[in-house]
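Here's a quick briefing to read alongside the model. Have a look at the helices and the aromatic rings as you go.

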Amino acid sequence: MKLKASLHIHTKEDFVDGYVVKYNIYELIDYAVENNFKVLALTGHKKFVYKKEFGEYARERGIILIPSIELHINRFLFFSDHIIVLNCEKNAEQVINFRDLAKYKKDHPEIFVLASHPGFGFLESISMNKLIKNIDLFDGLEHSWFYAKKVNLNKKVEDVAKKFNKPYIATADAHILTYFNTDYAVINAEQFDLSSVLDALRRGRVANITSPKS
């Protein structure tokens with residue numbers, strides 16, 4: 001079955017960016033229902049903000065809400081590498097570098113690690129060289145919404161995904177709703193449950209819906 005999914009979202013509950021987000025998790029879930037989404041991942045910056053009641057609210061409305069986090073690792077001054085860890089627990093907050101991530105993956109094989117907007121050259125993006133050097137730690141690479149027809153840094157990310165046979169997954173990195181329903185993934189899962197969704201992601205059974213921005 002094909003499931004419309006947004007795997008990189010932020011809400012008012014976010015520890016870092018919550019002050020700029022105008023909707024809370026309940027409002028986002030309601031909006032997602034209106035737009036036929038079936039899978040969401042709550043990826044709060046630095047802190048694990050998922051709560052059981054959030055998952056129940058989503059489930060009652062026909063949505064799988066994946067407990068997740070967007071980690072800031074390898075911090076140096078204002079720089080850090082952002083990575084998304086899907087299907088994790090609060091203890092993922094303890095991961096602060098690649099060594100920790102490798103151990104966390106070994107101890108928690110159920111997680112799915114997604115490189116957040118890699119190679120975009122911001123203070124918060126892993127470099128392409130570092131991505132390739134640590135490619136075995138990543139289960140998938142993110143296709144960022146932030147691109148135009150003539151300027152598209154996603155192309156080199158897609159090349160790396162193809163070279164290393166990694167799933168390439170579109171997200172809206174939602175802080176506002178402008179691109180929530182224009183940049184997303186459609187996951188072809190065997191069943192409507194978290195295990196099947198993660199299995200489909202690992203197998204690259206994903207179609208990206210996205211368009212260049214003006």
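Rings of Phe, Tyr and Trp (its six-membered ring) pair if their centres lie within 6.5 Å; planes under 30 degrees apart count as stacked, over 60 as edge-to-face and the rest as tilted. Ring pairs like these link Tyr31, Phe37, Phe180 and Tyr184 into a cluster. Bear in mind that this is a predicted model, where local features need pLDDT of at least 70, side-chain atom pairs count only at pLDDT 80 or more, and totals for chains, interfaces and linings use all residues. Residues are numbered from 1 along each chain as its sequence is written, and side-chain values use heavy atoms, leaving out hydrogens and water.

**Aromatic pairs**
- The structure holds eight aromatic pairs.
- One of them joins tyrosine 31 and phenylalanine 180, tilted, at 5.8 Å centre to centre with 55 degrees between the planes.
- Tyrosine 31 sits in helix α1 and phenylalanine 180 in the loop between β7 (168-170) and β8 (184-188), so this pair ties together parts 149 residues apart in sequence (helices, H or I, at least four residues, and strands, E, at least two, are DSSP runs numbered from the N terminus).
- Phenylalanine 180 is buried, at 0% relative accessible area, while tyrosine 31 is partly exposed at 24% (buried means under 20%, exposed over 50%, partly exposed in between, with a 1.4 Å probe and protein chains only).

**Helix packing**
- Helix α1 (residues 25-34) and helix α2 (residues 52-60) pack at about 20 degrees, axes 10 Å apart (axes are lines fitted to C-alpha atoms, for helices over the stretch in contact, and angles run from 0 to 180 degrees between N-to-C directions).
- Contact (heavy atoms within 4.5 Å) is made by Ile25, Tyr26, Ile29 and Asp30 of α1 and Glu53, Phe54, Tyr57 and Ala58 of α2.
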